[in-house]
Amino acid sequence: MARQPAIEFWYEFASTYSYLAAMRMEAAAAEAGVAVRWRPFLLGPIFAAQGWTSSPFNLYPAKGRNMWRDVEREAARLGLPALTKPDPFPQNSLSATRAAVLGQGEDWLVPFSKAVYTASFAEGRSIAEPAAVIGILDSLGLDGTQTLKAASAEANKTRLRVAGEEARSRGIYGAPSFLTEDGELFWGNDRLEQALAWAVGERSGGLR
């Protein structure tokens, strides 16, 4: 039996386009017959290495205004709840990302990730405070307090730092990013279908 092709989905909880990708990832990947490895990471250190002190959507106001309208349109097209704009934006995603890194390989990682995005971009709630993350974990039937305590331990902090270093070493500069098994990098929610097609061997224009 042939092995199922796979992609890695690198995502940041403060990222609007990662939100859109996360909410449609499971259905799109299932339709394509591709397995997905969810890879949470922090964009802040990568932005800092590029000399940015905030999101480029804040640094370039015209770009930011268009982004919010674009995400609003896309959320409506996908049948997602009306978009809410976090204040401040981007939200501090450290606690949520630590929890997600701890959850890699666990059944609760995907529902937790989607719940964090829903809280931030569909319900207008903060995800920055540890208490908010604990509440989301509790809502999934986990012991939120103990889970976040484990996520904040030094060993898991190291895992998160290593994930960021891996992202940089593999050429990732934004989120969402999709990496195929042969190392092809696709960036942006609108490249999800292309990443899935590449993963199953579909190429356009004779590319290999």
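Guide: Let's start at Glu74, which sits in helix α4, residues 61-77. Helices here are DSSP runs of H or I with at least four residues, strands are runs of E with at least two, and both are numbered from the N terminus. Before going further, this is a predicted model, with local features requiring pLDDT of at least 70 and side-chain atom pairs counted only at pLDDT 80 or more, while totals for chains, interfaces and linings use all residues. Residues are numbered from 1 along each chain as its sequence is written, and side-chain values use heavy atoms, with hydrogens and water left out.

Glu74 is buried, at 18% relative accessible area. Buried means under 20%, exposed means over 50%, and partly exposed is in between, using a 1.4 Å probe and protein chains only. Setting aside neighbours within four places in sequence, Glu74 contacts Leu20 and Asn189, where contact means heavy atoms within 4.5 Å. Leu20 is 54 residues away from Glu74 along the chain, yet their C-alpha atoms are separated by 7.8 Å.

Phe89 and Pro90 are joined by a cis peptide bond, with omega about -5 degrees. There is also a cis bond from Ala175 to Pro176, with omega near 5 degrees, and Pro176 is in the loop between α9 and β3 (177-180).

Next comes α5. Seven of its nine residues are buried, so α5 is largely enclosed by the rest of the structure. The buried ones are Ser95, Ala96, Thr97, Arg98, Ala99, Ala100 and Val101. They pack against β1 (6-11), β2 (35-40), α6, α7, α8 and α9. Take Ser95 in α5: this residue is buried at 12% relative accessible area. Beyond its neighbours within four places in sequence, Ser95 touches Ala128, Pro130, Val133 and Leu148.

Leu148 takes us to α8 (residues 144-151), where Gly144, Thr147, Leu148 and Ala151 are buried. Looking down the axis of α8, those buried residues fall within an arc of 95 degrees, so they line one face of the helix; the arc is that of the directions from the helix axis to the C-beta atoms. They pack against α5 (94-102), α7 (130-139) and α9 (154-169).

Helix α6 (residues 109-121) packs with α7 at about 130 degrees, their axes 10 Å apart. Axes are lines fitted to C-alpha atoms, for helices over the stretch in contact, and angles run from 0 to 180 degrees between N-to-C directions. The two helices are therefore oblique to each other; under 35 degrees counts as roughly parallel, over 145 as roughly antiparallel, 65 to 115 as roughly perpendicular, and the rest as oblique. Phe112, Ala115, Val116 and Ala119 of α6 meet Val133, Ile136 and Leu137 of α7. These contact residues divide into seven nonpolar, no polar and no charged, with Ala, Val, Leu, Ile, Met, Phe, Trp, Tyr, Cys and Pro counting as nonpolar, Asp, Glu, Lys and Arg as charged, and the others, Gly among them, as polar.

Last stop: Ile127, in the loop between α6 and α7. Ile127 is buried, at 1% relative accessibility. Not counting residues up to four places away in sequence, Ile127 touches Phe13, Gln91, Asn92, Val116, Ala119, Ser120, Ala132 and Val133.
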